[in-house]
Amino acid sequence: RFEQMTLMKQGDNPMFQFLKGGPDYRYYRWRIYSMQANLQLEDVTNRERIASELKAPSQKPNPMPQEEEKSVGDVLMKLTAAKESIKTSRKAIVALLEKNPSWALRVCDMALEHVVRLHLDFSRKLHLVYLLNDLLHFYAKRRMQEDTDLFARALKRFLVPIL
């Protein structure tokens with residue numbers, strides 16, 4: 001159901017091509033299978049090393065002041081599946097990115113670190129995907145400005161490792 005809903009809303013978005021058989025489809029299907037079979041990434045070897053290798057090394061996130069990093073960390077920790085939680089989290093991240101749009105890459109990096117460091121279960125990862133989807137929808141509505149594409153571009157390289 002989630003895949004169908006995402007395909008309906010994001011069908012034309014190139015970042016979600018992995019749902020239709022794009023370049024990352026095999027990895028996505030493997031992740032779904034491993035979760036359903038209750039396989040853990042720890043069964044492979046060194047989860048953090050694997051996740052770091054999945055990140056493109058070409059761009060490093062802009063440093064963010066410690067206070068803002070703590071704010072993003074708190075948002076990610078408190079995230080639930082409730083619509084109000086997702087809406088509040090989106091507003092907090094949008095407000096942060098309005099201060100400095102170049103922090104989009106760091107926000108996505110922190111989302112991946114959150115998944116890897118806490119070994120999130122499927123439902124917590126799903127909450128994060130709901131938030132990322134909400135952010136993409138928000139910025140899709142504002143895409144008339146160049147800055148607003150920064151989040152979509154930043155998320156592109158983090159989406160598959162987060163899943």
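**How helices H5 and H7 meet**

Helix H5 (residues 83–99) and helix H7 (residues 122–141) pack at an angle of about 55°, and their axes lie 9 Å apart. Axes here are lines fitted to C-alpha atoms, for helices over the stretch in contact, with angles from 0 to 180 degrees between N-to-C directions. The two helices are therefore oblique to each other (angles under 35 degrees count as roughly parallel, over 145 as roughly antiparallel, 65 to 115 as roughly perpendicular and the rest as oblique). Helices are DSSP runs (H or I) of at least four residues, numbered from the N terminus.

This is a predicted model, in which local features need pLDDT of at least 70 and side-chain atom pairs count only at pLDDT 80 or more, while totals for chains, interfaces and linings use all residues. Residues are numbered from 1 along each chain as its sequence is written, and side-chain values use heavy atoms, without hydrogens and water.

Which residues of H5 meet H7? They are Ile86, Lys87, Ser89, Arg90, Ile93, Val94 and Leu97, and their partners in H7 are Tyr130, Leu131, Asp134, Leu135, Phe138 and Tyr139 (contact means heavy atoms within 4.5 Å).

The structure also holds one aromatic pair. The ring centres of Phe138 and Tyr139 are 5.2 Å apart and the planes stand at 80°, so the pair is edge-to-face (centres within 6.5 Å make a pair; planes under 30 degrees apart are stacked, over 60 edge-to-face, the rest tilted). Phe138 is partly exposed, at 22% relative accessible area, whereas Tyr139 is buried, at 6% (buried is under 20%, exposed over 50%, partly exposed in between, with a 1.4 Å probe and protein chains only).

Conventions. Rings of Phe, Tyr and Trp (its six-membered ring) pair if their centres lie within 6.5 Å; planes under 30 degrees apart count as stacked, over 60 as edge-to-face and the rest as tilted.
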